[in-house]
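Visitor: I would like to learn how to read a structure that is new to me, one feature at a time. Could you take me through it slowly?

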Amino acid sequence: MVDLSPQLIQIIAAEFRDNPHPRAIFAPDDTLLICNSAYGIAYDQSPESLVGQHWQQIIDHALASPNSLVIQTPDRHHWLAQAKQRRRQQASLSYDINLTDGRWFVCQEQLLDDGHLVLTSQEITRQKQTEFKLLETMGKLEYLASRDSLTSLLNRRYFLEILSQEYERSQRDKNSLTLLALDIDHFKAVNDTYGHNGGDVVLKLFSARLLTHLRNYDTAARIGGEEFAVLLPNTTEDQGKRIAERIRMGIENIVVPGFDQDFSITTSIGGVSTQDYIGSPEQLMAEADKALYQSKGAGRNQWAWCNQPSQSMMG
């Protein structure tokens with residue numbers, strides 16, 4: 001028979017009797033002395049079989065069981081190492097656990113002066129569900145706040161934040177960063193001829209085609225009106241020029257349903273790279289805009305690079 005102190009007997013009487021929440025007491029050597037049925041359900045074993053097991057045995061079994069704890073990490077070994085490191089390091093420790101049946105509990109461990117460890121818990125499923133709904137709503141709101149409502153590309157404000165982050169990263173890692181500024185040629189004529197609905201169609205088609213010519217780590221944004229920007233991390237000037245030409249040719253081949261057959265969309269592009277010794281994200285944007293205007297001034301449907309003549313790779 002286990003020899004329990006009067007203090008432990010009082011805890012058992014108050015906390016364990018038909019309690020629906022997990023309760024347990026561990027000996028100073030971290031073997032389980034006693035637990036209630038709710039603790040057994042949480043760790044997918046009967047209370048009788050759990051008694052005498054070391055804490056790590058219980059956790060190992062729970063991690064291997066499909067009916068016990070939900071561990072939100074791909075690296076379970078790291079999770080277990082952190083849990084072991086925190087074990088018995090302070091008089092009181094609080095943490096949340098998630099069970100495969102969807103319930104959540106906040107657990108409180110109390111380390112007594114004689115080395116016994118008492119675990120109590122309280123169900124917080126409703127609170128967690130409310131928290132997750134709030135986070136989901138906030139995530140959706142953040143997504144919507146970062147997007148252009150018509151094209152679903154990033155908007156100007158959020159793009160500038162990404163640009164600042166990527167610029168700092170490129171400076172720190174000494175990698176080249178390339179920025180493209182794009183403009184749909186003669187877009188006013190589109191609105192004048194086909195109305196704003198026709199203009200919206202062109203903006204959507206342009207955006208969709210633009211994305212098909214980018215890599216999954218590139219960033220595209222609608223800066224305003226018919227103006228767009230593309231951020232190309234880890235991209236040299238030569239690589240950026242090839243991407244600019246690929247985009248130009250792809251846009252040139254867009255067919256707009258309901259428009260005249262001889263109607264075509266083209267784009268002018270201005271490019272700049274941090275290889276050109278750009279001193280700030282703001283200067284990067286300014287130089288890309290200068291190159292864009294140079295491209296438009298030279299006849300449109302081509303790209304120009306910072307401090308270089310406008311051109312298309314076709315000639």
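Visitor: Let me begin with charged side chains: which residues are linked in a network of salt bridges?

Guide: Please keep in mind throughout that this is a predicted model. The general idea is that side chains of opposite charge can pair when their charged atoms come close. Here, a network of salt bridges links Asp-30, Arg-87, Arg-88 and Glu-109.

Visitor: How many salt bridges does the count come to?

Guide: The count comes to 18 salt bridges. One of them joins the side chains of Arg-215 and Asp-218, with 2.9 Å from N to O. Arg-215 counts as partly exposed because its relative accessibility is 24%, whereas Asp-218, at 11%, counts as buried.

Visitor: Where do Glu-252 and Arg-248 lie?

Guide: Both are in helix α9, 4 residues apart, which is about one turn of the helix. Glu-252 and Arg-248 form a salt bridge in which the closest N and O atoms are 3.6 Å apart. Glu-252 is partly exposed, with a relative accessible area of 28%, while Arg-248 has a relative accessible area of 0% and is therefore buried.

Visitor: What separates Glu-131 and Lys-128 in helix α6?

Guide: They are separated by about one helical turn, because they are 3 residues apart in that helix. The side chains of Glu-131 and Lys-128 meet in a salt bridge, at 3.9 Å from N to O. With a relative accessible area of 36%, Glu-131 is partly exposed, and Lys-128, with 10%, is buried.

Visitor: Turning to nonpolar side chains, which residues form a nonpolar patch on the surface?

Guide: The patch is formed by Phe-132, Leu-134, Leu-135 and Met-138, which together have about 390 Å² of accessible area. Met-138 belongs to helix α6, which covers residues 125-146, and Met-138 counts as partly exposed because its relative accessibility is 46%.

Visitor: Which residues is Leu-182 in contact with, leaving aside its neighbours within four places in sequence?

Guide: Leaving those neighbours aside, Leu-182 is in contact with several residues, among them Phe-206, Leu-210, Phe-228, Val-230, Ile-247, Ile-269 and Leu-292.

Visitor: How many residues of strand β9 are buried?

Guide: For a strand, the general idea is that in a regular strand the side chains alternate between the two faces of the sheet. Strand β9, residues 267-273, is mostly covered, with 7 of its 7 residues buried. From β9, Thr-267, Ile-269, Gly-271 and Ser-273 point one way, while Ser-268, Gly-270 and Val-272 point the other way, and all are buried.

Visitor: In what sense do β6 and β9 pair, parallel or antiparallel?

Guide: β6 and β9 pair in the antiparallel sense over 7 bridges, and Leu-180 stands opposite Gly-271 in β9. By contrast, β9 and β10 pair in the parallel sense, over 3 bridges, and Trp-303 in β10 is the bridge partner of Ile-269.

Visitor: Which residue takes a positive phi in the hairpin of β3 and β4?

Guide: That residue is Gly-102, with a phi near 95°, in a hairpin that has 5 residues between the strands. Strand β3, residues 92-98, and strand β4, residues 104-111, pair in the antiparallel sense over 7 bridges, with Ser-94 opposite Gln-108 in β4.

Visitor: And which residue takes a positive phi in the hairpin of β1 and β2?

Guide: There it is Asp-30, with a phi near 70°, and this hairpin has 5 residues between the strands. Strand β1, residues 24-26, pairs with strand β2, residues 32-35, in the antiparallel sense over 3 bridges, and Phe-26 stands opposite Leu-32 in β2.

How values were computed: Residues are numbered from 1 along each chain as its sequence is written. This is a predicted model: local features need pLDDT of at least 70, side-chain atom pairs count only at pLDDT 80 or more; totals for chains, interfaces and linings use all residues. Side-chain values use heavy atoms; hydrogens and water are left out. Patches are made of residues with over 30% relative accessible area and no salt bridge: like charges are joined within 9 Å, nonpolar side chains (Val, Leu, Ile, Met, Phe, Trp, Tyr) within 5 Å. Accessible areas come from the Shrake-Rupley method with a 1.4 Å probe; for residues, only the protein chains shown count as cover. A salt bridge is a side-chain nitrogen of Lys or Arg within 4 Å of a carboxyl oxygen of Asp or Glu. Helices (H or I, at least four residues) and strands (E, at least two) are DSSP runs, numbered from the N terminus. Buried means under 20% relative accessible area, exposed over 50%, partly exposed in between (1.4 Å probe, protein chains only). Two strands pair if DSSP finds at least two bridges between them. Contact means heavy atoms within 4.5 Å.
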